Amino acid sequence: MWRMGLSFGRVPDEALLSGLATGDPEFVVAFVRRFQRTVFGVAFAVLGDPQLAEDVAQQTFERAWRHAQVYDTRRGSVRSWLTTIAHNLAIDTARARRASPVAPEDLDALLGVVTETPERRALADDSAERVRRAVAELPREQARALVMAGIYGMTAREVADTEHVPLGTAKTRIRTGTLKVRALLETEEKR
């Protein structure tokens, strides 16, 4: 029972989230209980592994606690905000899982393939410089969004949160920036 005599079951999601932000143990427990099945379900649907899904669920609640103060009701419900966090974390976990260990006896063959030669370095430097120049020609907000997504591997949601813009705006900036850089590189190659 809540201090004011009300059941947490009747407390709106936004109020529980506000209580979570304060760190009040009763609110924290009530918040987790209300959303744990949903969050676990999202994570399990993406990962298919109950142990990893539990880890992602825990990370989701930690992230929600850390960012509860910046939650904006205009961007959606608490449930959708929380499931978006869980989904993004599960995707990140799935991506990280893809890396498979390499047997030590196979390393020599792999190292031979990726060994840099002066010629390869020169070509890589030239390509990187062309990309840098193309990105520099973008409007500042598109360049920032593209670098955050393309270099730092941030999701569109994370870019939106970092830039304090709606998700659709972040997606548009990333996509438009990508298309412009591609067009600039193609134009340069035709010369």
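This is a predicted model: local features need pLDDT of at least 70, side-chain atom pairs count only at pLDDT 80 or more; totals for chains, interfaces and linings use all residues.

Colleague: How many of the residues of H8 are buried?

Modeller: 6 of its 8, so to speak a mostly covered helix, given that buried means under 20% relative accessible area. The buried ones are Ala-156, Arg-157, Glu-158, Val-159, Ala-160 and Glu-163.

Colleague: Now the rings. What describes a pair of aromatic rings?

Modeller: The general idea is to give the distance of the centres and the angle of the planes. In this structure, a search of the whole model finds 5 aromatic pairs. Take Phe-8 and Phe-27: their ring centres are 5.2 Å apart and the planes sit at 80°, so the pair is edge-to-face.

Colleague: Which parts does the pair of Phe-8 and Phe-27 tie together?

Modeller: Phe-8 is in the segment before helix H1 (13–22) and Phe-27 is in helix H2 (residues 25–47), so the pair links parts 19 residues apart in sequence. Both Phe-8 and Phe-27 are buried.

Colleague: What about Phe-31 and Phe-61?

Modeller: Phe-31 and Phe-61 are an edge-to-face pair as well, with 6.1 Å centre to centre and 85° between the planes. Phe-31 belongs to H2 and Phe-61 to helix H3 (residues 50–67), so this pair ties together parts 30 residues apart in sequence.

Colleague: Are Phe-31 and Phe-61 buried or exposed?

Modeller: Phe-31 is buried, at 0% relative accessible area, and Phe-61 counts as buried at 12% relative accessibility. Ring pairs also join Phe-31, Phe-35 and Phe-61 into a cluster.

Note on methods. Residues are numbered from 1 along each chain as its sequence is written. Side-chain values use heavy atoms; hydrogens and water are left out. Buried means under 20% relative accessible area, exposed over 50%, partly exposed in between (1.4 Å probe, protein chains only). Helices (H or I, at least four residues) and strands (E, at least two) are DSSP runs, numbered from the N terminus. Rings of Phe, Tyr and Trp (its six-membered ring) pair if their centres lie within 6.5 Å; planes under 30 degrees apart count as stacked, over 60 as edge-to-face and the rest as tilted.
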